[in-house]
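User: I would like to learn how to read a protein structure. Could we go through some features one at a time?

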Amino acid sequence: MHSLQQSSVAALVSSAANPIENRKKSADICLKIEALCKEFGDFTALKSIDLEIHEGEFVCFLGPSGCGKTTLLRAIAGLEMQTRGKVFQKSKDISNLPPQKRDFGIVFQSYALFPNLTLEDNIAYGLKNQGLCKSAIRTRVQELLTLIGLEGSERKYPAQLSGGQQQRVALARALATEPGLLLLDEPLSALDARVRLHLRQQIKQLQQTLGVTTVMVTHDQEEALTMADRIVVMNHGVIEQIGTPEEIYRQPVNAFVAGFVGTMNLIPIEVESSASVLLGKESLPCLPHELNKGDQASLAIRPEEIELFDVMPNEAALEARVTHTEYLGAFLRVTCDLLLLNQEITVDLQHIDAERMIVAQGREVFLKLPQRYCRVFAEQVH
């Protein structure tokens, strides 16, 4: 199970931009990928990827190391030529074009600034190649320096800046030529947590201000949830799910997505009916599914969706014993063992609830798993 340090994913999801508003984008497709495959010898890095990205969208490719997300970004940029399949940008087939013929700006994790050039010359690099006059270049550079909050620093060199400032300059350089597509390859992973938090807010604001279609690769679920209009969750060279941050978090399509994004309890169960499962000998209602009676599967429920009582409630509940508590700032994470089942389960409690109850190691408690939150996946996770 994956978790976010010092914060609740649920809070991030609920505070994200309204997904309905996110969909009020232009119907025009900026980028279209059809049946794209990439093979390295006997290894298949990408397996028939199909994807459409609309004008003005901010899309994150999210997944574990080795899932293919960076390879897909590099194929879009032309830095890796696909083995099969096609890439279209605004209806133009760019599948076989070299990188310099494609309309994009790119920012790498390592900044890749020219150390011997001033900030002004770094940002102006692409503009000079376009043959613009000096006054037009100077005006554009000043606009971008103001936009990234570094006005007056045009004569400085990269070594005189912090890592966060260097990354902002790299972003300005990528945007200087007004590309139709901005590609970000884990641009924040080399920065410390505080700078990363500040810069991701700046990047998102900048993207919204300019309206530039943006694709970002990240393995950090918090970045994806807070920055993206849509998230493309990848694993082993395939797309597992595409959706808004809220859809990915609240409505995962399989056990992998459920377990990778946020913290999720994945409990081995046996299917009892189309709307109930057996947890040991206990029958639990769940959301409707299409599995067959007797199938071994997994019940998925988020820690914040479980109700914990320190005394037996009026309605049916599972008996459990607290084995560990962890203070995480915004909430208290409680690890319990379900009695008689030898099954660990995690519950997140808001402080107002934790304070009115006695929740301590060794304490017997009672858990309710509301039906509306209990999803069943075919994959059994032990």
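User: Is Phe-260 buried, exposed or partly exposed?

Analyst: Keep in mind that this is a predicted model. Buried means under 20% relative accessible area. Phe-260 has 6% relative accessibility, so Phe-260 counts as buried.

User: Which ring pairs with the ring of Phe-260, and how are the two arranged?

Analyst: Look at the distance between ring centres and the angle between planes; planes under 30 degrees apart count as stacked. The centres of the Phe-256 and Phe-260 rings are 5.6 Å apart and the planes are at 15°, so this pair is stacked. Both residues belong to helix H10 (residues 255-260) and are 4 residues apart, about one turn of the helix. Phe-256 is partly exposed, at 23% relative accessibility.

User: How many aromatic pairs does the whole structure have?

Analyst: A search of the whole structure gives 2. Phe-114 and Tyr-125 make a tilted pair, with 4.8 Å from centre to centre and 45° between the planes. Phe-114 sits in the loop between strand E6 (105-108) and helix H4 (119-129), while Tyr-125 is in helix H4, so the pair ties together parts that are 11 residues apart in sequence. Phe-114 is partly exposed at 29% relative accessibility, and Tyr-125 is partly exposed at 41%.

User: Which residues have the most contacts inside the largest nonpolar core?

Analyst: In soluble globular proteins, nonpolar side chains tend to be buried together. Here the largest nonpolar core has 44 residues, and those with the most contacts inside it include Ile-123, Val-169 and Leu-171. Helix H6 (residues 163-175) gives the most to this core, with 6 residues. Leaving out residues up to four places away in sequence, Ile-123 touches several residues, among them Val-141, Leu-144 and Val-169. A second, separate core has 30 residues, including Val-277 and Ile-345.

User: What is the strand order in the open sheet of 5 strands?

Analyst: Strands of a sheet pair through backbone hydrogen bonds, either parallel or antiparallel. In this open sheet the order is E15-E19-E16-E17-E18, and the pairing is antiparallel. Strands E15 (307-309) and E18 (343-350) are the edge strands, each pairing on one side only. From one strand to the next, the twist averages 45°. Strand E17 (residues 331-338) is joined to E18 by 8 bridges, and Phe-331 has Gln-350 in E18 as its bridge partner.

User: Is Arg-333 buried or exposed, and what does its side chain contact?

Analyst: Arg-333, in strand E17, is buried, with a relative accessible area of 11%. Its side chain makes a polar contact with the side chain of Asp-348, at 2.8 Å.

Technical notes:
Residues numbered from 1 in each chain as written. Predicted model: local features only at pLDDT ≥ 70, side-chain atom pairs only at ≥ 80, totals over all residues. Heavy atoms only, no water. Pairing = 2+ DSSP bridges. Helix = DSSP H or I, 4+ residues; strand = E, 2+ residues; numbered from the N terminus. Axes fitted to C-alpha atoms, helices over the stretch in contact; angles between N-to-C directions. Core = buried A, V, L, I, M, F, W, Y, C linked by side-chain atoms within 4.5 Å. Buried < 20%, exposed > 50% of the residue type's maximum accessible area, 1.4 Å probe, protein only. Contact = heavy atoms within 4.5 Å. Polar contact = N/O pair within 3.5 Å; in protein donor to acceptor, adjacent residues only side chain to side chain. Phe/Tyr/Trp six-rings, centres within 6.5 Å; stacked < 30°, edge-to-face > 60°.
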